[in-house]
Amino acid sequence: MENDMQITNMLTSTSHKKEKSTAECLVKAFHTKRSSVHFIKNIITYEINSTNNPNILFRGNTVATKSLDMYMRLTGMGYLHHVLKDIVQEIVEVHETSKKSCEVDEYRLPSDLKPKEKKRQLKKNYKTLLGYVHRIFNRIFDTVECSPHYFRHIFEHIRITIEGKFPSEPLTKYLGPSGFIFLRFFCPSLCTPKNFLLVEDHPSAEVIRDLTLIAKVIQNLANLVPFSEASEPCMIPLNEYIQCNIELMKEFIDRLCSPPETAVEFETNFRPIKPIFGREMSRIHYHLADNYERIKDKYQAEHPEELIKISNVILDINNIIAEVNQKIRYE
């Protein structure tokens with residue numbers, strides 16, 4: 001599959017409603033053979049070239065987007081912990097001890113507050129929210145050189161491919177990479193920190209709300225757009241910060257998409273679990289067999305030779321499984 005990526009593209013383009021599981025086994029299988037960057041670049045190129053509207057690029061949950069999601073989690077958790085773990089843990093601890101809040105929606109504040117008290121509380125909360133946003137974005141910006149060098153090679157490839165596909169859309173070269181590193185990596189880790197092992201236990205609902213508000217501001221900054229009065233009026237006071245830092249966000253993306261000559265080393269206690277090649281290939285076999293009819297319907301005329309290869313692979317593996325099962329029965 002590494003040498004002939006056409007078969008991989010045929011599988012990924014027909015994995016309807018099984019995008020996440022298909023992406024996971026493909027990324028892990030290629031990763032065990034040290035060729036996951038090659039796979040990611042190929043599948044992302046296929047996705048970009050198949051999209052005619054830059055406004056919907058990478059917006060769907062396709063095998064391509066899920067593959068880069070999976071790859072960032074598989075290889076970038078040490079980097080994520082280096083950037084965010086201390087700050088996230090501090091936010092959790094400070095809220096529990098001092099009851100600091102980032103809540104800026106007046107309708108979510110305690111109902112027994114008098115108007116003047118509510119006004120003072122909102123002012124205090126805006127200051128707290130902006131302080132955390134400022135610290136987290138600065139931390140992300142200042143540690144860009146610690147981002148995995150394979151991340152940066154992939155993001156460079158995304159930018160170059162986008163510029164070739166959409167030369168008249170100058171912002172897309174920023175929104176493509178930022179859509180992955182923020183929308184699918186940094187911001188989800190803020191909203192669900194336990195899922196990314198940034199904290200040991202699920203934080204309280206109030207802390208999750210604070211982290212979600214922080215993530216919203218950072219995501220809008222990554223999208224290079226201010227908040228809308230119509231959709232989120234309580235976030236409008238944060239627009240000044242967003243407008244003042246758009247150029248800094250662009251600089252971050254520029255640096256992220258510029259691979260270093262040598263990787264930057266940093267200390268982390270995170271130890272990733274290594275995938276097992278045989279297990280992931282058995283899952284790929286399942287998806288090939290499960291999708292074969294859809295692959296056949298879509299590619300019969302265009303790629304008949306690849307269909308024969310897929311059919312033979314499925315048949316060979318089925319025969320091996322049958323032989324193993326028969327030996328087990330007789331032992």
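Me: If a helix is a DSSP run (H or I, at least four residues) numbered from the N terminus, which helix gives the most to the lining of the second largest pocket?

Reply: That helix is α4, with six residues. This is a predicted model, in which local features need pLDDT of at least 70 and side-chain atom pairs pLDDT 80 or more, while totals for chains, interfaces and linings use all residues. Residues are numbered from 1 along each chain as its sequence is written, and side-chain values use heavy atoms, without hydrogens and water.

Me: Which other helices supply at least two residues of that lining, and which residues lie nearest the pocket's centre?

Reply: Besides α4 (63–98), the helices α2 (19–32), α7 (172–191) and α10 (277–299) each supply at least two. Of the 25 lining residues, E24, K28, M70, R73 and L74 lie nearest the centre.

Me: Why is helix α1 called largely enclosed?

Reply: Buried means under 20% relative accessible area, exposed over 50%, and partly exposed in between (1.4 Å probe, protein chains only). Seven of the eight residues of α1 (residues 5–12) are buried, so the rest of the structure largely encloses this helix; the buried ones are M5, I7, T8, N9, M10, L11 and T12.

Me: What makes C191 partly exposed, and what makes C244 exposed?

Reply: C191 has 26% relative accessibility and therefore counts as partly exposed, whereas C244, at 58%, counts as exposed.

Me: How do you know that C244 is too far from the closest cysteine sulfur for a bond?

Reply: A disulfide needs two cysteine sulfur atoms within 2.5 Å, and the sulfur of C244 lies 19 Å from the closest one, in C187, so it is too far for a bond. The whole structure holds zero disulfides; C191 is in none, its nearest cysteine sulfur, that of C187, being 6.7 Å away.

Key
On a 1 Å grid over the protein atoms alone, a cavity is a set of points where a 1.4 Å probe fits but cannot get out, and a pocket is an open set with protein on both sides within 12 Å along at least five of seven lines; lining residues have an atom within 4 Å of a point.
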